[in-house]
Amino acid sequence: MKDFKKYSSIEDHYQNKFIEKAVAQYPNISTETFIVLEKIDGANIQLLFTPDGTYKVGRRTSWLSKDESFYDIWNTLEKYKDMVEFFQNMSKLSNDTIRLYGELYGKGIQRRINYGEEKYIKIFDFICRKPEDKIEEYR
């Protein structure tokens, strides 16, 4: 689908060419403070909220239809209905398209780490744009 935007891979601190390119383009970046978060071991998701009040849910590579289970995402989102309603309202009020990127994790998603008996969602990045704006890639 046209509005799907795959989240790019996260760069590591040892990828010097990427870091040099970023510093050349944004010289002040070398003096900025950054917050580093733990990498959650789960399944990549995105939520796209549009000013008409609708939203879509996607995995790393494509949008999901309501009949696709994808680790029981639809039932998991029920636990986050306040968050979903908040971003639906924010998108409508601001006339912005809001795209959230996150990780679905927990029981039955990955076996390497035990996150407990439930499934959870962590949002780690977002983009807010007016409908007419184009999303520009740094890379």
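Reply: Strand β3 covers residues 97–106, and because 10 of its 10 residues are buried, it is largely enclosed by the rest of the structure. Buried here means under 20% relative accessible area, with exposed over 50% and partly exposed in between, using a 1.4 Å probe and protein chains only. Strands (E, at least two residues) and helices (H or I, at least four) are DSSP runs, numbered from the N terminus.

This is a predicted model, in which local features need pLDDT of at least 70 and side-chain atom pairs count only at pLDDT 80 or more, while totals for chains, interfaces and linings use all residues. Residues are numbered from 1 along each chain as its sequence is written, and side-chain values use heavy atoms, with hydrogens and water left out.

In a regular strand the side chains alternate between the two faces of the sheet. Both faces of β3 are covered, with Thr 97, Arg 99, Tyr 101, Glu 103 and Tyr 105 buried on one side, and Ile 98, Leu 100, Gly 102, Leu 104 and Gly 106 buried on the other.

Two strands pair if DSSP finds at least two bridges between them. Strand β1 (residues 43–49) runs antiparallel to β3 and is joined to it by 7 bridges, while 10 bridges join β3 to the antiparallel strand β4 (residues 119–129). In β4, Lys 122 stands opposite Glu 103.

Gln 46, which lies in β1, stands opposite Tyr 101 in β3 and counts as buried because its relative accessibility is 1%. The side chains of Gln 46 and Arg 99 are joined by a polar contact of 2.7 Å, a polar contact being a pair of N or O atoms within 3.5 Å, where within protein one must be able to donate a hydrogen and the other to accept it, and residues adjacent in sequence count only if both atoms are side-chain atoms.
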